Amino acid sequence: MSTQEHTVTHIHRDDIGARMGMWLFLFTELLLFGGMFILYSIYRYTYPDAFHLAAKDLNTIIGTFNTAILLTSSLTMALSIAAIQRDRKSLSIFLQFITILLALGFMVNKYFEWSAKFSHGIYPGSEVLLAKPSGEIVFYGLYYVMTGLHGLHVIIGMVLIAIMMRFTYKGIIKADSYVKLETVGLYWHLVDIIWIFLFPLFYLIT
Amino acid sequence: MEKNQEKHLDNSHSYGNYILVWLALMALTAVTVAVAGINLGGLTVATALIIASVKGYLVLTIFMHLKSESKTFRVFVSVALIFLIVSFILLFSDYSFIARN
């Protein structure tokens, strides 16, 4: 059998390999955020009182609301995969669209939260912040870097889901071939898991 | 259809199952916010982390399909998580030992 014949009769596809590849990438993400969580735990151990004091100024209501938004977006993402598995193309596209809307809502809340902090003069390197005790400077440094990096992941996720919406619309993602949507789903759920841990550590210190 | 293009339309991939998991996640969020208001002393952080871990477990097994994936995936993820936790414990215990002395 010639190679040409082989490629015609057998289009190579390895869905398990694709998902495994995504998981391997997610492990590197885990290390990226894991390092920051170690930094957080060490500084919180060093400055327990300053962390409590600084965390009181964070808006718990916005934090809780954003947690609910992100959890719901994970649900719609999972449902969109369930829909394409059942050949419900337009339902899947609709659910992906809702996921993007929820992610946008998350970022809008983040925008208001950060601008409220900025208007109080609290941003990295500001005079107001630098006048505070070193524990609080460290807390806000970690807060901006960790929620900022998480926010960046949310934006990347939104772009990826938008591309998947187009793929689904064009029939590249379909009932018997949806591994692309699955891997983007894996990424999106990891972003959700990271927030699940960020939320109590920053917003719920009493 | 090839083996590696399997469809898994078992119970764990049903709409209803996902919605149930979502309800559990929302309930756990409510619990963690409510508990944060109570002063449990040294257990406050532990409680928050345990609840967060339960939520993470639900997302990993149901939303990320680990429950219905082959065993290889579960072994991979478990090894990665165990290494992360071990490095956390080692680094943190080392630091707290240095800080105390």
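Which residue forms a salt bridge with Arg19(A), with the closest N and O atoms 3.2 Å apart? That partner is Glu182(A). Keep in mind that this is a predicted model.

**Where chains A and B meet**

- Contacts here link 53 residues of chain A with 48 residues of chain B.
- The size of an interface is often given as the accessible area lost when the parts come together.
- For chain A and chain B, that buried area is about 4500 Å², and 74% of it sits on carbon and sulfur atoms.
- Six residue pairs are counted in polar contact between the two chains.
- On chain A's side, the elements giving two or more residues are helix H2 (15-46), helix H4 (60-85) and helix H8 (179-203).
- H2(A) supplies the largest share of that side, with 18 residues.
- Sort the chain A side by residue type and you get 32 nonpolar, 11 polar and 10 charged.

**The salt bridge network**

- Side chains of opposite charge can pair when their charged atoms come close.
- Over all chains, the structure holds five salt bridges.
- Back to the opening pair: Glu182(A) forms its salt bridge with Arg19(A) at 3.2 Å between the closest N and O atoms.
- Glu182(A) belongs to helix H8 of chain A and Arg19(A) to helix H2 of chain A, so this pair ties together parts that are 163 residues apart in sequence.
- Arg19(A) also forms a salt bridge with Glu69(B), where the closest N and O atoms are 2.5 Å apart.
- This second pair crosses between chains, running from helix H2 of chain A to the loop between H2 and H3 of chain B.
- The rule finds one salt bridge across the interface of chain A and chain B.
- Are these residues buried or exposed? Glu182(A) and Arg19(A) are both buried, and Glu69(B) is buried as well.
- Elsewhere, Glu113(A) and Lys110(A) meet in a salt bridge at 3.4 Å, N to O.
- Glu113(A) and Lys110(A) are three residues apart in helix H5 of chain A, so about one helical turn separates them.
- Both Glu113(A) and Lys110(A) are buried.
- Shared partners join Arg19(A), Glu182(A) and Glu69(B) into one network.

**Chain B and its Glu69**

- Chain B has three helices and zero strands.
- Of its 101 residues, 35% count as buried.
- Among chain B contacts with a separation of 6 or more, 61% come from residues 24 or more positions apart.
- Glu69(B) sits in the loop between helix H2 (43-63) and helix H3 (71-100) of chain B.
- Why does Glu69(B) count as buried? Its relative accessible area is 6%, and the cut-off for buried is under 20%.
- Leaving aside neighbours within four places in sequence, Glu69(B) is in contact with Arg19(A) and Arg74(B).

- Lys117(A) lies in helix H5 (residues 89-119) of chain A.
- Beyond four places in sequence, the contacts of Lys117(A) include Leu58(A), Tyr140(A) and Tyr144(A).
- Phe167(A) is in helix H7 (residues 134-170) of chain A, and it counts as partly exposed because its relative accessibility is 24%.
- The C-alpha atoms of Phe167(A) and Ile93(A) are separated by 9.6 Å, although the two are 74 residues apart along the chain.

Terms used. Residues are numbered from 1 along each chain as its sequence is written. Chains are lettered from A and ligands numbered from 1 in the order in which they are written. This is a predicted model: local features need pLDDT of at least 70, side-chain atom pairs count only at pLDDT 80 or more; totals for chains, interfaces and linings use all residues. Side-chain values use heavy atoms; hydrogens and water are left out. Helices (H or I, at least four residues) and strands (E, at least two) are DSSP runs, numbered from the N terminus. Contact means heavy atoms within 4.5 Å. Buried area is the accessible area (1.4 Å probe) that two parts lose on being put together, summed over both. A salt bridge is a side-chain nitrogen of Lys or Arg within 4 Å of a carboxyl oxygen of Asp or Glu. A polar contact is a pair of N or O atoms within 3.5 Å; within protein, one must be able to donate a hydrogen and the other to accept it, and residues adjacent in sequence count only if both atoms are side-chain atoms. Ala, Val, Leu, Ile, Met, Phe, Trp, Tyr, Cys and Pro count as nonpolar, Asp, Glu, Lys and Arg as charged, and the others, Gly among them, as polar. Buried means under 20% relative accessible area, exposed over 50%, partly exposed in between (1.4 Å probe, protein chains only).
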